[in-house]
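Please keep the sequence and the structure in view while reading.

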Amino acid sequence: MVSSPSFYSFLAIISLLFHLFLISSITAKNDGFTVKLFRKASPFSRSHLMRSSKNNPNDAHAPVRGYIGHYLMELNIGTPPVKVSGIADTGSDLTWTSCEPCVGCYKQIEPLFNPLKSSTYSNVSCNTPLCDKLDTKECSPEKRCGYTYAYASSSVTKGVLAQETITLTSNTNEPISLNGILFGCGHNNTGGFNDHEMGIIGLGRGPVSFLSQLGPLLGGLKFSQCLVPFLTDIKISSKLSFGKGSEVLGQGVVTTPMVPSPTQDKTPYLVTLEGITVEDTYLPFKTSGTVAKGNMMIDSGTPPTILPNDLYDRLVNEVKKRVSMEPITNDPSLGNQLCYHTNTSPNGPNLTFHFEGANIVLTPIQIFIPQIEKVGVICLGITNNSAEGGIYGNFAQSNYLIGFDLEREVVSFKPTDCTKG
Ligand SMILES: *[C@@H]1O[C@H](CO)[C@@H](O)[C@H](O)[C@H]1NC(C)=O
Ligand SMILES: *[C@@H]1O[C@H](CO)[C@@H](O)[C@H](O)[C@H]1NC(C)=O
Ligand SMILES: *[C@@H]1O[C@H](CO)[C@@H](O)[C@H](O)[C@H]1NC(C)=O
Ligand SMILES: *[C@@H]1O[C@H](CO)[C@@H](O)[C@H](O)[C@H]1NC(C)=O
């Protein structure tokens with residue numbers, strides 16, 4: 001009976017119908033979907049989530065510091081649902097959360113997801129196309145699809161790839177459930193996460209990312225974000241919109257092409273930065289030679305912007321000339337950062353980032369960031385690295401509605417007060 005072909009085709013029809021029903025019920029109800037992002041204060045926050053271990057020219061390394069610089073997204077996982085808050089991260093693909101049993105994991109306040117208590121949980125097995133979506137898979141003796149993801153902040157998550165029902169709640173309190181979403185059930189997670197951070201929501205371009213899975217269900221492979229500036233009251237949330245309706249339109253929108261990654265790494269959103277203007281002084285990205293396409297990665301999981309040493313030094317020189325305070329020079333713990341003793345945002349210059357076809361003006365609230373471990377010290381939210389390229393971090397992304405359109409392969413920016421509405 002079970003092996004009869006008609007039984008199998010019956011099953012196939014059921015599952016196809018179920019799929020069609022699921023998809024149409026979502027698109028009929030929601031063209032797209034908007035969720036809130038929120039922030040938590042904690043002295044243990046760390047920066048810089050970009051995946052390491054890639055031969056990427058943009059594989060920048062920054063000192064790990066105690067920024068409270070992450071934007072968290074809440075989702076419910078499993079049946080019955082368990083609430084999980086993960087870091088919204090355009091710099092990585094895999095969405096993962098800490099799962100029971102968690103061996104040697106960093107401390108977390110909320111209870112961890114326990115796959116044994118969910119009726120919709122399933123492990124992905126190793127020799128399947130789903131497992132091949134990971135760029136490095138590990139087959140366990142039981143043929144489970146294992147993964148190890150390391151981030152540039154030397155954080156590591158290890159676990160198994162699994163599928164689950166994910167329920168999201170919109171900013172207008174409307175829920176949707178999505179079945180069979182791939183995620184990493186992390187059983188050994190270490191590194192610089194704080195105790196409110198239960199994992200990562202991967203919004204990169206690769207096939208396993210949350211965006212790549214949600215986009216087609218929500219009317220398009222695109223999303224947009226509006227992040228509140230760092231100094232905003234912690235009670236005010238930011239926004240992330242998926243799919244149809246997330247397009248960034250209207251007056252003041254500027255657009256720059258997404259550049260395909262030169263390496264096998266499908267994850268990053270690369271764009272081309274031609275130079276930076278400090279008030280009226282133009283600093284080309286490079287003083288000689290041509291600028292490489294895709295020299296900057298837009299990463300919402302990294303707070304500071306990171307520039308190559310030479311451009312950084314020229315930038316700091318110009319900024320210093322335009323701030324009427326003495327920079328701090330006698331504090332080795334600040335490293336090479338440009339910092340000032342002040343309790344207010346300095347009356348500093350505007351910076352214009354000249355992306356190919358898109359000029360982005362940043363004002364002091366997007367540029368000067370108070371240090372959480374040093375009261376009364378404010379530093380330039382830009383640091384240096386020895387790579388040829390850099391990272392456009394989330395301090396600089398704030399107060400812009402930024403659209404990532406993977407169909408048109410463009411990134412759009414619209415100046416927006418993200419604290420409103
Ligand atoms: C999934 O895989 C994990 C890790 O190998 C294992 O402990 C667990 O029992 C598996 N769960 C199911 C439902 O098969
Ligand atoms: C957990 O991962 C860390 C580093 O990634 C490793 O050193 C440690 O041995 C692992 N622990 C277990 C129990 O596998
Ligand atoms: C900086 O930019 C803001 C917003 O575009 C503008 O209102 C302000 O006048 C600029 N400040 C200077 C000193 O140019
Ligand atoms: C940043 O610049 C300082 C001073 O020039 C230098 O010592 C340091 O090595 C640079 N950092 C990186 C990661 O290149």
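Cys 226 and Cys 418 are both buried. In this predicted model, a disulfide joins Cys 226 to Cys 418, with the two sulfur atoms 2.1 Å apart. The link is left-handed, with -80 degrees about the S-S bond.

A disulfide joins Cys 126 to Cys 139, with an S to S distance of 1.7 Å. Its torsion about the S-S bond is about -65 degrees, so this disulfide is left-handed. The pair links distant parts of the chain, 13 residues apart: Cys 126 is in the loop between β5 (122–123) and α2 (129–132), and Cys 139 is in strand β6 (residues 138–139). Cys 139, with a relative accessible area of 42%, is partly exposed.

A further disulfide joins Cys 102 to Cys 105, and this link is left-handed.

| Disulfide | S to S distance | Torsion about the S-S bond |
|---|---|---|
| Cys 102 and Cys 105 | 2.1 Å | -80 degrees |
| Cys 126 and Cys 139 | 1.7 Å | about -65 degrees |
| Cys 226 and Cys 418 | 2.1 Å | -80 degrees |

How many disulfides does the structure hold? There are 6 disulfides. When the bonded cysteines are counted along the chain, the pattern of links is 1-8, 2-3, 4-6, 5-7, 9-12, 10-11.

A search of the whole structure finds 5 cavities of 30 Å³ or more. The second largest cavity contains about 60 Å³ of space. Its lining is made up of 13 residues, and Leu 75, Val 84, Thr 95, Trp 96 and Thr 97 are those nearest the centre.

Which strands supply at least two residues each to the lining of the second largest cavity? They are β2 (72–77), β3 (82–89), β4 (96–98) and β10 (199–202). Strand β10 gives the largest share, 3 residues. By residue type, the lining of this cavity divides into 9 nonpolar and 4 polar residues, with no charged ones.

Methods: Residues are numbered from 1 along each chain as its sequence is written. Chains are lettered from A and ligands numbered from 1 in the order in which they are written. This is a predicted model: local features need pLDDT of at least 70, side-chain atom pairs count only at pLDDT 80 or more; totals for chains, interfaces and linings use all residues. Side-chain values use heavy atoms; hydrogens and water are left out. A disulfide is a pair of cysteine sulfur atoms within 2.5 Å. Helices (H or I, at least four residues) and strands (E, at least two) are DSSP runs, numbered from the N terminus. Buried means under 20% relative accessible area, exposed over 50%, partly exposed in between (1.4 Å probe, protein chains only). On a 1 Å grid over the protein atoms alone, a cavity is a set of points where a 1.4 Å probe fits but cannot get out, and a pocket is an open set with protein on both sides within 12 Å along at least five of seven lines; lining residues have an atom within 4 Å of a point. Grid points are joined across faces, edges and corners, and a volume is the space filled by probe spheres set on the points. Ala, Val, Leu, Ile, Met, Phe, Trp, Tyr, Cys and Pro count as nonpolar, Asp, Glu, Lys and Arg as charged, and the others, Gly among them, as polar.
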